[in-house]
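Reader: I have a protein model to look at. Please show it, and then I will ask about it.

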Amino acid sequence: PRPERLQECRGRFDVIFTCVESVYDRVVEELWVREQETFQPVHVINVDMADNLEDATLGSFIICELCERLQQADNLEDSLVQVLLAAERKTGKSFLHTVCFC
């Protein structure tokens with residue numbers, strides 16, 4: 001319902017998107033220092049975008065399309081790399097991706 005601080009959220013995530021590399025780095029660091037409970041993978045993906053209306057709009061469409069493709073995948077673990085590579089080819093952008101375990 002509102003923005004939340006990842007450091008205060010203990011929910012389970014399959015995928016976390018960030019939009020700035022420095023935030024991506026902080027999210028990955030936070031996940032690595034947490035006590036691992038379920039050892040389930042969490043994919044952290046950065047779709048880097050400038051803080052302006054045009055880039056934010058384009059970035060939101062990219063993230064939405066990535067989410068749709070991942071939801072359609074039979075197996076997230078097997079499909080994620082292919083989905084990211086296809087999006088990189090389509091958009092000309094490269095995405096940071098890290099798998100953490102929580």
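Reader: What is the volume of the largest pocket?
Author: This is a predicted model, in which local features need pLDDT of at least 70, side-chain atom pairs count only at pLDDT 80 or more, and totals for chains, interfaces and linings use all residues. Residues are numbered from 1 along each chain as its sequence is written, and side-chain values use heavy atoms, without hydrogens and water. A pocket here is an open set of points on a 1 Å grid where a 1.4 Å probe fits, with protein on both sides within 12 Å along at least five of seven lines. Counted as the space filled by probe spheres set on the points, the largest pocket has a volume of about 220 Å³.

Reader: How many residues of the lining of the largest pocket are charged?
Author: Lining residues have an atom within 4 Å of a point, and R10, R12, R34, E35 and E37 are among them. Asp, Glu, Lys and Arg count as charged. Beside 3 nonpolar and 2 polar residues, the number of charged ones is 5.

Reader: Is F39 buried or exposed?
Author: F39 sits in the loop between α1 and β2, and its phi is near 60°, a positive value in a residue other than glycine. Buried means under 20% relative accessible area and exposed over 50%, with partly exposed in between (1.4 Å probe, protein chains only). The relative accessibility of F39 is 52%, so F39 counts as exposed.

Reader: Which residue is the bridge partner of H43 in β3?
Author: Strands are DSSP runs (E, at least two residues), and two of them pair if DSSP finds at least two bridges between them. Strand β2 (residues 41–46) pairs with β3 in the antiparallel sense over 6 bridges. In β3, the partner of H43 is V99.

Conventions. Helix = DSSP H or I, 4+ residues; strand = E, 2+ residues; numbered from the N terminus.
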